[in-house]
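Here's a quick briefing to read alongside the model. Have the sequence and the 3D view open, and let's walk through the overall shape and a few residues.

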Amino acid sequence: MTKNYRIKKITDGHSTRYYPQHKRFGLFWYNLFECEYTDGSYSTFEKAQKHLCNYLRKPVIEYLDFECGEPQ
């Protein structure tokens, strides 16, 4: 499953940024968390890895029982 995900590292003269990426259609990589307000980058590898791992984690679904008591 993780073969379709990676973290791209870009270092320029001023900083290093990390971009979690996903492979689309088996051909193209895109920045997974990029949107209108952010470029989807993180300042450290650890932050990028944590967000990507949380994204890939399967949701935990619980069904809770309840009782309808007398209205008060």
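A contact here means heavy atoms within 4.5 Å. By that rule, residues 24 or more positions apart account for 32% of the protein's contacts with a separation of 6 or more. Keep in mind that this is a predicted model, where local features need pLDDT of at least 70, side-chain atom pairs count only at pLDDT 80 or more, and totals for chains, interfaces and linings use all residues. Residues are numbered from 1 along each chain as its sequence is written, and side-chain values use heavy atoms, with hydrogens and water left out.

**Overall layout**

- You'll find 1 helix and 3 strands in the protein, where helices (H or I, at least four residues) and strands (E, at least two) are DSSP runs numbered from the N terminus.
- Starting at the N terminus, the order of elements is β-β-β-α.
- The radius of gyration (over C-alpha atoms) is 19 Å, while a compact globule of 72 residues would sit near 11 Å, going by the rule of 2.2 Å times the number of residues to the power 0.38.
- Along the principal axes, the C-alpha atoms fill a box of roughly 70 × 30 × 25 Å.

**Burial and surface**

- Of the 72 residues, 21% are buried; that label means under 20% relative accessible area, with exposed over 50% and partly exposed in between (1.4 Å probe, protein chains only).

**Gln-21**

- Gln-21 belongs to strand E2 (residues 16-24) and counts as buried because its relative accessibility is 3%.
- Its side chain makes a polar contact (a pair of N or O atoms within 3.5 Å, one able to donate a hydrogen and the other to accept it) with the side chain of Arg-6, at 2.7 Å.
- Another polar contact, of 2.9 Å, joins the side chains of Gln-21 and Asn-31.
- Leaving out residues up to four places away in sequence, Gln-21 touches several others, including Tyr-5, Lys-8, Trp-29 and Leu-32.

**Phe-28 and Phe-66**

- Phe-28 is in strand E3 (residues 28-31), and counts as exposed because its relative accessible area is 54%.
- Phe-66 lies in the segment after helix H1 (45-56), and is exposed too, because its relative accessibility is 67%.
- Phe-66 and Gln-21 are 45 residues apart along the chain, and 42 Å separates their C-alpha atoms.
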